[in-house]
Structure formats: structure tokens, C-alpha cells
Amino acid sequence: MLTFFSEDSRLRQARTELHDGALVSPFECPERVDLVLEQLRQAGFEVRAPDAYGLEPVCAVHDASYVSFLKTCWQAWQAAGHSGEAIPNIWPARTLRQDKIPHSVSGQLGYYALAAETSICEGTFEAAMASKDAALGAVEHTLATGEPSFGLCRPPGHHAAFDQFGGYCFFNNAAIAAQHALDAGRRRVAVLDVDFHHGNGTQQIFYARNDVLFASLHGDPDVTFPYYLGYADETGTGEGQGFNLNYPMAPGTSVATWMQTLEQALIAIKTHECELLIVSLGVDIFEGDPISAFTFKRDDFIALGKRLAEAGLPTTFLMEGGYAVEEIGVNVVNVLQGFEQINSRDR
């Protein structure tokens, strides 16, 4: 399976994350991709640098003013005399006016942020651009050849909404790739999100549309980030009614229950006659992940890959969560190799 990865994704090297009331080193860090790349190369996967696709595919799913903010935020933050990384400290909350974008970069941070854990630092915009290039390179390969592909995207993307960043995400790679496939002539695309955390950004972008089926298996948002989206009664609106499927599960859910839930999602993908499958691949469902609470072991990721291959669709995997524990690379490769075992057998 061909992998797409850009070295520019390392340009974001944030130093601070707000976690449990303390500023800590971010869980989302460049070492994550090193651990994955090491295992990919040991397994014999070809890794290719993607082309540069520019901002047009980004603006197809994101607000242009938001994109401009991300492009200029770090420079504006420094020009305002701030010494640390750019972290929001106020939001247009329920008791404040929500329709005004302030001129101050501090006010803009709160307007465009959905959470406070994700700082903006030097290289953030460039890394986000590189990440979406990896996603576009991967999906273009699948569209052109029918072969599966993997976009090693860093930073991840599924929390990024139309005009908000957070959860370590700035551009929504899966949404950008799905829109790119639609623009290339696919009638309907499925985005299957298996990250422990709900893909709130992907849901928000496609919630009123019926050309993308979004299905997410995730920790119950009643007790798990991002808290305010991801409930089972969120099924889409207007033309999108029935095209948003959330499967929240309690922390500690067994692999057997999780896999049974996956069957429901795959049945819906087949019923809706999707022509391409984009998997938001979060391996933070691993039992040892530091900020998640599902129970997958290494070999369970092989079974996941096999089951996804049995869906029989052209498939692109895009990296989402899964943090800097030793097993992250093993778990990613196990999914991809499990997929290839079935995919090559059926050719």
C-alpha cells in the first residue's frame, strides 16, 4: 500500500498543551510520525512525498477568513508582543455576542478555536498544508488506480470544522479528500471515523449533505472530548438527514462490542451505495493510549484492517489520533497489512 507523507509536517513543533489544568508537552508531536514511519519501512511500504495542492482544495470545505487567520496568526501573535505560543483564553460563549470577529488576534483565537488545548506556534500553518497534501496525494492515487492508499497526515484533521480548529486539528484532511473525490466525479463518498474521539469537524462540514455519509465510532461524548457533538440522535439535517451516523460507546468498551458496532456502520455504507471509503484512522482505540479509553490490542488492529477490506470499496486511510507510545506504528501497520491480506486475496 502506497503511503504519502510530507517532511514539512514536522514544521509544527508546539511546546505547550493545556491538559488536566497544567501546561504539558503536547501529546500530538512529530515523534508520532517517526514511530509510524519506522514500522512502515520495516514492513516494506513505499513512502512517497505528495505534490503541493495549494489552498483551493482547503477552501472547498473551510471558510476563507478562517484559512487566512491560520496563515497569519503566528505572525500577528508575535507582532502583538506575546512571548508564549498562541492559546485562546476567551470565546464568544453563550452569554456573549457571537457574530463579531474582533480585530485583536487574541479575540480571533477565541472566535476560531473550539478548545484551549491546541496552541498555534511557528510552522503550524505550513504543517497543516503538508498534512492535507498527504491526504490529497493518497486519495488521488486511489481514485486513479483503485488501489488502497495511506496518508500519514500530521497534524490530524477530524476535529477541524468549517471555521474552527482544536483537538490538534487545523484543516480537516478527511473532508478535503472527500470533497476532492466528489469533484473528481464520485457520486457519494463514505467517511468512516474510527478514532476514539468523535470527528466533530467532519460531521459539521457535511451535516446537511447527502453526497458524503459520515459514520463515527467513538467514546461517549457525555464523558469524552469533544463533549458537545457525537450523540446518537445527531443524524443530519435537510438533505443530509440519515447521512450522519454516530455510534458513541462507553470508555472501556470491549473489542467485541466495538467490532459489532462497526458492522452497523459498514451495513449503512453499503446501503447508501458509497463509491469510495475514506477511513479516519485513529489508533488511539489502543488500550495503552495515554488520552483514550478503549481496549484494542495489537492483533485487534489486524482484524480491523481485514474487516474494512471486506467492505470491497476503493479505500484511503488517513492518519488521525494515536499518540506517542511505542505501539502506534505497529498498530497502524497492522491495520494496513490486515487490509492488504484480504484485498490482495480478492484481486
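Biologist: What volume does the second largest pocket have, and how do I read it?
Modeller: A pocket is an open set of points on a 1 Å grid over the protein atoms alone, where a 1.4 Å probe fits, with protein on both sides within 12 Å along at least five of seven lines. Its volume is the space filled by probe spheres set on the points, which are joined across faces, edges and corners. Here the second largest pocket holds about 170 Å³. Lining residues have an atom within 4 Å of a point. This pocket has 14, and G146, G312, L313, P314 and N343 are the closest to its centre.

Biologist: Which helix gives the largest share of that lining?
Modeller: Helices are DSSP runs of H or I, at least four residues; strands are E, at least two; both are numbered from the N terminus. Helix α10 (residues 328-346) gives the largest share, four residues.

Biologist: What should I know about the model itself?
Modeller: It is predicted: local features need pLDDT of at least 70, side-chain atom pairs count only at 80 or more, and totals for chains, interfaces and linings use all residues. Residues are numbered from 1 along each chain as its sequence is written, and side-chain values use heavy atoms, without hydrogens or water.

Biologist: Is strand β10 buried or exposed?
Modeller: Buried means under 20% relative accessible area, exposed over 50%, partly exposed in between (1.4 Å probe, protein chains only). Five of the five residues of β10 (residues 315-319) are buried, so the strand is largely enclosed by the rest of the structure. T315, F317 and M319 point one way, T316 and L318 the other.

Biologist: Which strand joins β10 through five bridges?
Modeller: Pairing takes at least two DSSP bridges. Strand β9 (residues 276-281) runs parallel to β10, with five bridges. L281 has M319 as its bridge partner.
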